[in-house]
Amino acid sequence: MSRIVYVNGAYLPEEQATVSIFDRGFIFGDGVYEATSVIDGVLVDVEAHLARLERSCREIKLSLPWSRPELVAIHRELIKRNGLNEGSVYLQVTRGAADREFPFPKQAASTLVMFTQARRLLDAPAAKTGIKVVSAPDLRWARRDIKSVNLLASVLAKQFASENGAQEAWMLEDGVVTEGGSSTAWIVKDRTLISRPLSEKVLPGITRQAVLAFVAESGFTFEQRAFTLQEALAADEAFITSATNFVMPVVEIDGQPIGKGVPGETVGRLRALYIQFARKGGALG
């Protein structure tokens with residue numbers, strides 16, 4: 001049975017779904033996106049994802065003609081039509097189709113595309129083994145706080161990781177780790193969780209936000225600062241967070257084991273707490 005996707009008001013079999021070759025997302029990467037996880041057929045932290053989507057749109061002056069309740073309804077309809085129990089819903093909005101000119105077109109209507117992807121999230125094999133990371137220079141643009149569809153630098157970093165037997169790349173700038181190719185980077189030292197403060201240099205991770213909400217409950221402290229690759233290599237544990245990885249242990253960076261080279265107790269506890277949170281739909285407070 002064909003997957004049903006959503007394009008500009010229509011639910012269609014994926015084979016019939018089309019977007020104009022003049023769409024500015026295709027020509028310029030002029031658009032933003034979100035990916036929201038689904039557990040037991042329920043969206044995880046969707047309000048936070050849509051709030052970030054709205055912010056990204058404001059930052060690039062992109063019209064978002066759909067209200068938050070309308071977008072939630074489309075998410076749920078796609079989950080229903082595709083029988084999705086576990087995975088994610090991808091959403092992309094662009095400035096729409098117009099002849100190729102750099103300034104914003106005056107008449108174009110925004111394009112909205114959404115689709116589901118089935119994934120193993122709760123029982124992901126990598127959560128048991130941990131993942132390997134390689135370091136790479138951060139070649140991205142300056143506004144990384146905007147969840148832009150301009151992902152070529154991240155694609156190259158992730159491809160470099162794949163070619164070197166790793167599952168993620170930690171990007172470096174000015175001697176410190178910024179973030180992963182598609183995740184937030186963390187280290188653990190003496191029961192303190194360390195991750196970069198939010199700024200234009202990093203994406204405000206939704207999973208990061210959720211993890212911080214139960215740091216106290218987990219019995220750890222949080223230090224918000226940049227850290228070097230050398231600090232990461234000397235850490236007790238390391239991990240990444242993202243919507244589809246949840247909390248994922250990092251056991252090796254650039255071929256060197258982190259801690260004992262196996263998933264640690266701290267990350268295991270944080271992952272368990274996050275899964276509890278996700279099973280409730282991810283609503284904070």
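This is a predicted model: local features need pLDDT of at least 70, side-chain atom pairs count only at pLDDT 80 or more; totals for chains, interfaces and linings use all residues.
A residue counts as buried here when its relative accessible area is under 20%, and because Ile74 has a relative accessible area of 7%, Ile74 is buried.

**Ile74 and its surroundings**
- Ile74 belongs to helix α3, which covers residues 68-82.
- Apart from neighbours within four places in sequence, Ile74 makes contact with Tyr6, Tyr11, Leu112 and Met114.
- Pro257 lies 183 residues from Ile74 in sequence, and the two are 43 Å apart in space, taken from C-alpha to C-alpha.

**Aromatic pairs**
- The count of aromatic pairs in the model comes to 10.
- One of them joins Tyr6 and Tyr11, whose ring centres are 5.2 Å apart with the planes at 70°, so this pair is edge-to-face.
- Tyr6 counts as buried because its relative accessibility is 6%, whereas Tyr11, at 24% relative accessibility, counts as partly exposed.
- The rings of Tyr274 and Phe277 have their centres 5.3 Å apart and their planes at 45°, and the pair is therefore tilted.
- Tyr274 and Phe277 are both located in helix α9 (residues 265-279), where they are 3 residues apart, about one turn of the helix, and both residues are buried.
- Tyr274 and Phe277 also form one aromatic cluster together with Phe214 and Phe246.

**Arginines over ring faces**
- Arg81 is placed over the face of Tyr11, at 4.2 Å from the ring centre.
- Arg95 is placed over the face of Phe104, at 3.6 Å from the ring centre.

How values were computed:
Residues are numbered from 1 along each chain as its sequence is written. Side-chain values use heavy atoms; hydrogens and water are left out. Helices (H or I, at least four residues) and strands (E, at least two) are DSSP runs, numbered from the N terminus. Buried means under 20% relative accessible area, exposed over 50%, partly exposed in between (1.4 Å probe, protein chains only). Contact means heavy atoms within 4.5 Å. Rings of Phe, Tyr and Trp (its six-membered ring) pair if their centres lie within 6.5 Å; planes under 30 degrees apart count as stacked, over 60 as edge-to-face and the rest as tilted. A charge sits over a ring if NZ of Lys or CZ of Arg is within 6 Å of the ring centre and within 35 degrees of the ring normal.
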